[in-house]
Amino acid sequence: MKKSLFASLLLSVAMSSFAATPVRIETSVGNIDLVLDEKKAPTTVKNFVSYANKGFYNGTIFHRVIDGFMIQGGGFTSDMAQKPTDKPINNEASNGLKNNSYTIAMARTQAPHSATSQFFINTKNNDALNYRGPTPSGAGYAVFGYVSNDASKKVVDQISKTKTSRKNGHSDVPVTPIVIRKVTVLKTQ
């Protein structure tokens with residue numbers, strides 16, 4: 001009895017030290033539930049949650065979909081107009097999290113510290129996107145969470161298989177827009 005109580009106490013202390021933020025991305029093809037890692041990517045999670053809480057993502061689309069690689073969204077409307085963003089954040093790709101299947105990471109330009117609102121969900125292990133060192137070519141892409149259930153993974157897979165074309169000078173744009181209706185930070189228990 002004492003061992004069981006002690007084990008339960010240790011488990012609850014360990015769980016409380018892991019700061020996880022549950023989030024739901026409601027899309028036109030289904031919901032994607034995520035768990036964001038505040039401990040390893042505090043700046044990135046704070047940035048994403050800020051955009052979500054302001055309603056910034058509402059009405060944006062997954063504007064870049066490459067089957068066998070990733071799905072990217074969070075910056076364009078369905079007519080491919082780019083939304084104005086807050087200032088870029090520091091790249092936290094050296095946090096130890098890897099660009100593995102069903103992880104979420106920040107999109108950026110060639111400049112390592114240029115991520116704003118856009119994010120992508122990896123649909124395979126993308127080792128080439130991981131942090132390799134403090135140089136522009138090794139800076140990597142900051143992972144800050146993961147898709148948390150099988151139903152959500154099926155939605156990601158469905159999006160990754162959508163037919164794409166060129167639109168307004170952009171490649172890999174879904175022919176039928178995949179709309180992000182809302183991103184909600186869920187209450188933790």
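1. Start with the rings. Phe48, Tyr51, Phe56, Tyr57, Phe62, Phe119 and Phe144 are joined into a cluster by ring pairs. Rings of Phe, Tyr and Trp (its six-membered ring) pair if their centres lie within 6.5 Å; planes under 30 degrees apart count as stacked, over 60 as edge-to-face and the rest as tilted. The structure holds nine aromatic pairs.

2. A note on the model. This is a predicted model, where local features need pLDDT of at least 70, side-chain atom pairs count only at pLDDT 80 or more, and totals for chains, interfaces and linings use all residues. Residues are numbered from 1 along each chain as its sequence is written, and side-chain values use heavy atoms, leaving out hydrogens and water.

3. Look at Phe48 and Phe119. Their ring centres are 5.6 Å apart and their planes meet at 80°, so the pair is edge-to-face. Phe48 lies in helix H2 (residues 42–53) and Phe119 in strand E6, so this pair links distant parts of the chain, 71 residues apart. Helices (H or I, at least four residues) and strands (E, at least two) are DSSP runs, numbered from the N terminus. Both Phe48 and Phe119 are buried. Buried means under 20% relative accessible area, exposed over 50%, partly exposed in between (1.4 Å probe, protein chains only).

4. Next, Tyr51 and Tyr57. Their ring centres are 5.9 Å apart with planes at 50°, so the pair is tilted. Tyr51 is buried, at a relative accessible area of 1%. Tyr57 is buried too, at 1%.

5. Two charges sit over rings. The charged end of Lys83 is over the ring of Phe56, 4.4 Å from its centre. The charged end of Arg108 is over the ring of Tyr141, 4.0 Å from its centre. The test is NZ of Lys or CZ of Arg within 6 Å of the ring centre and within 35 degrees of the ring normal.

6. Now the barrel. Eight strands close into it in the order E1-E2-E7-E5-E6-E4-E3-E10, with antiparallel pairing. Two strands pair if DSSP finds at least two bridges between them. Strand E4 (residues 70–77) and strand E6 (residues 119–122) pair over four bridges. In that pairing, Gln72 stands opposite Phe120.

7. Finally, Ile104. This residue is in strand E5 (residues 103–106) and is buried, at 0% relative accessibility. Ile104 and Phe144 are 40 residues apart in sequence, yet 6.1 Å apart in space, C-alpha to C-alpha. Contact means heavy atoms within 4.5 Å. Not counting residues up to four places away in sequence, Ile104 touches several residues, including Phe48, Phe119 and Phe144.
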